[in-house]
Amino acid sequence: MTTVFVKGLGLIGSSLIRAIRLSAPTTVIIGCDSDKKACDYAVQHHLIDRIGTDLTAAETADFIILAAPVTTIVQDLQELAHLPLKKNVIVTDVGSTKQIVLQAAAALTQQGITFIGGHPMAGSHKSGVTAGRADLFENAFYFLIPAVPNEHACASIQTLLRATHVKWLTLTAAEHDKIVGQISHLPHIIAAALVNQTQQAFADFPLGMRLAAGGFKSITRIASSDPLMWSAILNSNAAIIMQQLEQYIAHLEALKTEIAQAQQHKIYAFFQNAKTSRDQLGADKVGELPGFYDLFINIPDQVGTLAAVTQLLAQNNINIVNIHILEIREDIDGVLQLTFMRARDRSLAEDLLQQKGYLVLRKEH
């Protein structure tokens, strides 16, 4: 019987556990988390079979999954190197920075312990054990970064997590950190900075933040992510992030100059280049990372309208991951933004809503 030890019962860890339960319900899962309430919830909802108070509970495991913040993962790897682990155990993690993690894992690999770095490229603005979902990673890329080439161990992890329905991709640690720095870490910094700057700009005008909607909320959605996790990520990938920040600031400085000098053709090129590149992102493009699928519909200002929409989708087993009213004023139609995890769900929702007479305004990926 396979035993899996999971350290960290937050969004990612609990979602992986739920996926393991789907594909291998007889697997013994030991959960460990510094939050006692998270452990109790996991036991009560049959996510884990028992609670491990510390890393010593991993000594009997066939798989060890480290799903805490990166700084904690590094500490855990150092501690695991001093424990009598099973000879054929496979240790992996889900940290979003890999070079620092593989450096810490060297103490294990020198003892012949197999370590495969991992990183599922999916998440949510929600956090905690209650936010976990077995389908959280569906169609997302899941990076594997072996400390030492080991096809058998990679295949074992893929089998264990087969119910996640991810797209597996093997990279080096350096390749991984550069990629995620640009497409994940930097965007989170930009989103958080924009929210903070806007808050300061409206310090004497509170109505400004209340009016923020549409594009502002869309571009800053990821600013709601866990601050503890993201402060750890920036610390662990500092050199790459600083370089990418400098390049981004240089682009902003260039645009600032073009605006000041009224160089309209360059300003136009700035937006045109971005539009062309953004429009090329799609499901058929290599390297496209899955995101959220938004549907914007026109809704009347009537009692029960919102409930009618959500009930219609629920009755047809279509899951909404987020819902937001962008604009609504008394006696005037509003705009309802529905967010889905999969393009298929959005397509089904669009057909159903149009059949019921709702006007679809636009779709975004």
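**Figure 1. Surroundings of Thr92 in the predicted model.** Beyond its neighbours within four places in sequence, Thr92 is in contact with Ile64, Ile65, Leu66, Phe115, Ile116, Gly117, Gly118 and Ile157. The model shown here and in the other views is predicted. Thr92 is placed in strand β5, which spans residues 90–93. With a relative accessible area of 5%, Thr92 is buried, because it falls under the 20% cut-off.

**Figure 2. Pro146 in strand β7.** Strand β7 covers residues 141–146, and Pro146 belongs to this strand. When neighbours within four places in sequence are set aside, the contacts of Pro146 are Leu102, Phe115, Ile116, Gly117, Cys154, Thr170 and Leu171. Phe115, Ile116 and Gly117 are also among the contacts of Thr92. One of the residues touching Pro146 is Cys154, which is buried with a relative accessible area of 9%. Ile64, a contact of Thr92, lies 82 residues from Pro146 in sequence, and the two C-alpha atoms are 15 Å apart in space.

**Figure 3. Packing of helix α3 against helix α4.** Helix α3 consists of residues 70–80 and helix α4 of residues 99–109. Their axes come within 7 Å and cross at roughly 10°. The two helices are therefore roughly parallel, as the angle is under 35 degrees. From α3, the residues in the contact are Val70, Ile73, Val74, Leu77 and Leu80; they meet Ile100, Val101, Ala104, Ala105 and Leu108 of α4. The contact of α3 with α4 comprises 10 nonpolar residues, with no polar and no charged ones.

Figure 4. Glu79 is located in helix α3. Its relative accessible area is 39%, and Glu79 is partly exposed. Between the C-alpha atoms of Glu79 and Thr276 the separation is 48 Å, and these residues are 197 apart along the chain. Asn88 sits in the loop that lies between α3 and β5. Asn88 is exposed, at a relative accessible area of 68%. Gln280 is 192 residues from Asn88 in sequence, with a C-alpha to C-alpha distance of 44 Å.

**Figure 5. Crossing of helix α6 and helix α10.** Helix α6 runs over residues 173–201 and helix α10 over residues 238–260. They pack at an angle of about 60°, and their axes are 9 Å apart. The helices are therefore oblique to each other. The crossing in which α6 passes α10 is right-handed. On the α6 side, Asp177, Lys178, Gly181, Gln182, His185, Leu186, Ile189 and Ile190 take part; on the α10 side, their partners are Ile240, Ile241, Gln244, Leu245 and Tyr248. By class, seven residues of this contact are nonpolar, four are polar and two are charged.

**Figure 6. Cysteine residues.** The structure contains zero disulfides. For Cys32, the nearest cysteine sulfur belongs to Cys39 and is 6.3 Å away. Cys32 is therefore in no disulfide, because a disulfide needs two cysteine sulfur atoms within 2.5 Å. Cys32 is buried, and its relative accessible area is 3%.

Definitions and conventions
Residues numbered from 1 in each chain as written. Predicted model: local features only at pLDDT ≥ 70, side-chain atom pairs only at ≥ 80, totals over all residues. Heavy atoms only, no water. Axes fitted to C-alpha atoms, helices over the stretch in contact; angles between N-to-C directions. Helix = DSSP H or I, 4+ residues; strand = E, 2+ residues; numbered from the N terminus. Parallel < 35°, antiparallel > 145°, perpendicular 65-115°, else oblique. Left-handed = near helix turned anticlockwise from the far one by under 90°. Contact = heavy atoms within 4.5 Å. Nonpolar A, V, L, I, M, F, W, Y, C, P; charged D, E, K, R; others polar. Buried < 20%, exposed > 50% of the residue type's maximum accessible area, 1.4 Å probe, protein only.
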